Amino acid sequence: MGWRVFLLTAAAMTAFAANSLLCRLALRGGDIDPASFTSLRLVSGAVTLWLLLRARGSASRRGGDGYSATALFVYAIAFSFAYVSLPVGVGALLLFGAVQASMLIVGLAGGERLGAAQGLGLAAAVAGLVYLVWPGLAAPAPLGTGLMLLAGVAWGVYSLRGRGIKDPVSATAGNFILAAPLALVANLLFLRAAHMAVPGLLCALASGALTSGLGYVIWYAALKDLGAVRAAIVQLSVPVIAAFGGVVFLAESVTSRLLLASCAILGGVAFAILGRQRRA
């Protein structure tokens, strides 16, 4: 992996982790409601990506499709509502654990064989997830947990539908543009709870325009040279970055439950992916 790919990958993973930090920061302080955060995030991301397409002279040839846009919307809305109650590190761990697990399950359903390494890795990941959400003093909020797992599955579906597209930036822009009206409708449904202060507005705009819009563009640029297996593995760094970001910027604590569950989930998924790579 050359320095260019390494730097692009590091920037993309930092952007993904920053999405969790920005969302939790805005919602924890009550500076914005989750529906408004979602709509601002998707609209600002759509505008940013459309401007990028216009700058390269292809704004009229945007891609995207309804199924992918719906998956993107479900991910974004569930992500926002989950972070009302979840700490940054726990939320990111649940999200990316669900993303990788859903992608592995789809692969198995599509005919891929479950080897010994994959079986052990998947079992470890499931055990870690069960341990993380098991009722107890340090267990995360059940509603937030369910919503974040839903967000992870939706993001996994969105990622799988994006495999093999010829122009990822155009497709992403189209999906954001199609998803934005869905978020605005959801905003109307939660209109009575809508509220917004300047810090919340700025966090939502930064999440949409920078860490989502530009972050996804950077990620797709890195994907060209990473390959599917390495791309899946490097995403496992996001919960770690997010957890330490939560400690530094939000004064959140890292519990022993989170550390042990992180080792089991991320290590198990990585082991399963590496096992698949050796068998390929």
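A: Of the chain's 280 residues, 51% count as buried, where buried means under 20% relative accessible area, exposed over 50%, and partly exposed in between (1.4 Å probe, protein chains only). This is a predicted model, in which local features need pLDDT of at least 70 and side-chain atom pairs count only at pLDDT 80 or more, while totals for chains, interfaces and linings use all residues. Residues are numbered from 1 along each chain as its sequence is written, and side-chain values use heavy atoms, with hydrogens and water left out.

Q: Why is Thr48 called buried?

A: Thr48 has a relative accessible area of 16%. Buried means under 20%, so Thr48 is given that label.

Q: Where is Thr48 found, and with which residues is it in contact, leaving aside its neighbours within four places in sequence?

A: Thr48 is found in helix H2, residues 34-55; helices (H or I, at least four residues) and strands (E, at least two) are DSSP runs, numbered from the N terminus. With neighbours within four places in sequence left aside, Thr48 is in contact with Ala209 and Leu214, contact meaning heavy atoms within 4.5 Å.

Q: What makes Val43 partly exposed?

A: The relative accessibility of Val43 is 30%.

Q: What is the phi of Ala251?

A: Phi of Ala251 is near 60°, a positive value in a residue other than glycine. Most residues other than glycine have a negative phi.

Q: How many helices and strands are there in the chain?

A: The chain has 11 helices and 0 strands.

Q: Which residues touch the most other members of the largest nonpolar core?

A: That core has 69 residues, and Leu42, Leu72, Tyr75, Phe79, Tyr83, Met148 and Trp219 touch the most other members. A nonpolar core is a set of buried Ala, Val, Leu, Ile, Met, Phe, Trp, Tyr and Cys residues joined through side-chain atoms within 4.5 Å. Leaving aside neighbours within four places in sequence, Met148 is in contact with residues including Phe79, Tyr83 and Leu86. In soluble globular proteins, nonpolar side chains tend to be buried together.
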